Amino acid sequence: MIVTQTPLRISLLGGNTDFPKYFKKYGGAVLTTTIDKYVYVIVKERFDDMIYINYSVKEKVNKVDDIKHDLVREAMKLVGVDKGIEITFLSDIPSEGSGLGSSSAVTVGVLNALHNYKGGSVAARQLVEEACQIEIDILKKPIGYQDQYAIGFGGLNFFEFGKNVLRFSLSTETNNYFMLFYTGITRKSEKILKNTQFKKKILDLNKELAYKGVDALNNPLHFGSLLDEYWQLKKQLNKSVTNDFIERTYYKALLAGALGGKIVGAGGGGFLLLVVPPEKKEAVRKALGLRELPFNLSKDGSKVIFNIQK
């Protein structure tokens with residue numbers, strides 16, 4: 001039996017500049033962090049040759065090609081596991097439509113588990129590159145590269161996307177100012193992202209905010225204003241990232257003392273990230289009346305936490 005623990009992530013600044021259409025021509029940059037909320041993948045050998053996949057539904061198939069869970073199917077093909085296996089998923093938060101990168105966490109986590117099941121661990125960069133291959137090249141999902149890199153490596157990172165992907169590990173004291181609130185709305189990120197417009201001037205500004213964000217990590221007031229600026233730009237790329245409820249909620253948070261914030265991930269629902277002075281947190285909680293997700297930043301990417309094989 002193999003169990004992997006793979007962190008979820010919070011995208012901070014620079015979103016959409018990690019899409020190939022932009023960064024392959026102009027270069028992209030994102031600021032992102034993983035948090036101490038996880039997706040767990042359990043892989044167990046079966047006595048028979050059947051394949052069982054357990055998530056929100058239970059699949060029982062004879063062949064890999066019959067698996068409906070596309071991420072699992074393609075991961076098994078890539079690693080070369082084709083029978084006699086049971087794969088189970090558990091998650092600390094709603095596993096779909098949260099905006100916390102759960103799909104990429106599933107991909108990276110199951111790849112990590114399957115490689116170890118086959119008898120060998122692989123480096124984080126290989127997991128990341130294979131996850132990108134599955135999600136973007138094979139399945140043609142309308143997503144960028146930041147989730148796979150953030151989740152595979154773990155920690156607070158600044159990524160530059162271009163001919164090569166460069167990673168810079170960072171630290172911050174702003175963590176004490178972060179708050180996450182669940183909007184109660186789930187959505188498929190692909191449906192949101194496919195409506196995103198390519199506006200180079202807006203994307204250039206997004207990238208610039210990512211660079212500014214690195215310098216503002218230990219200045220919560222400035223960082224909050226950068227998140228607000230980014231949120232306003234994001235809405236110019238895609239009107240479906242917000243709605244009346246989200247706008248009212250965000251406005252209430254600002255009135256109660258938040259310094260800035262944004263919807264995490266593709267938008268349209270999921271979690272609202274806010275930067276709030278500690279002395280204003282209780283006021284923000286009362287003003288919003290939403291379920292809060294307490295969290296800390298995490299340092300590790302996907303890792304094996306249990307490994308017992310015959």
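Contact here means heavy atoms within 4.5 Å. The model is predicted, so that local features need pLDDT of at least 70 and side-chain atom pairs count only at pLDDT 80 or more, whereas totals for chains, interfaces and linings use all residues. Residues are numbered from 1 along each chain as its sequence is written, and side-chain values use heavy atoms, with hydrogens and water left out.

View A. Beyond its neighbours within four places in sequence, Thr 33 is in contact with Leu 8, Arg 9, Ile 10, Leu 12, Gly 155, Leu 156 and Leu 297.

**View B. The largest nonpolar core, with 63 residues.** Such a core is a set of buried Ala, Val, Leu, Ile, Met, Phe, Trp, Tyr and Cys residues joined through side-chain atoms within 4.5 Å. Leu 13, Met 76, Ile 87 and Phe 223 touch the most other members, and helix 3 gives the most to this core, with eight residues. Leaving aside neighbours within four places in sequence, the contacts of Leu 13 include Val 30, Leu 209, Phe 223 and Tyr 230.

**View C. Helix 3 (residues 102-117) and helix 4 (residues 124-138).** Helices are DSSP runs (H or I, at least four residues) and strands likewise (E, at least two), numbered from the N terminus. The axes of helix 3 and helix 4, lines fitted to C-alpha atoms over the stretch in contact, come within 9 Å and cross at roughly 120 degrees. Residues that meet include Thr 107 and Leu 111 in helix 3, and Leu 127 and Ile 134 in helix 4.

Key
Axes fitted to C-alpha atoms, helices over the stretch in contact; angles between N-to-C directions. Buried < 20%, exposed > 50% of the residue type's maximum accessible area, 1.4 Å probe, protein only.
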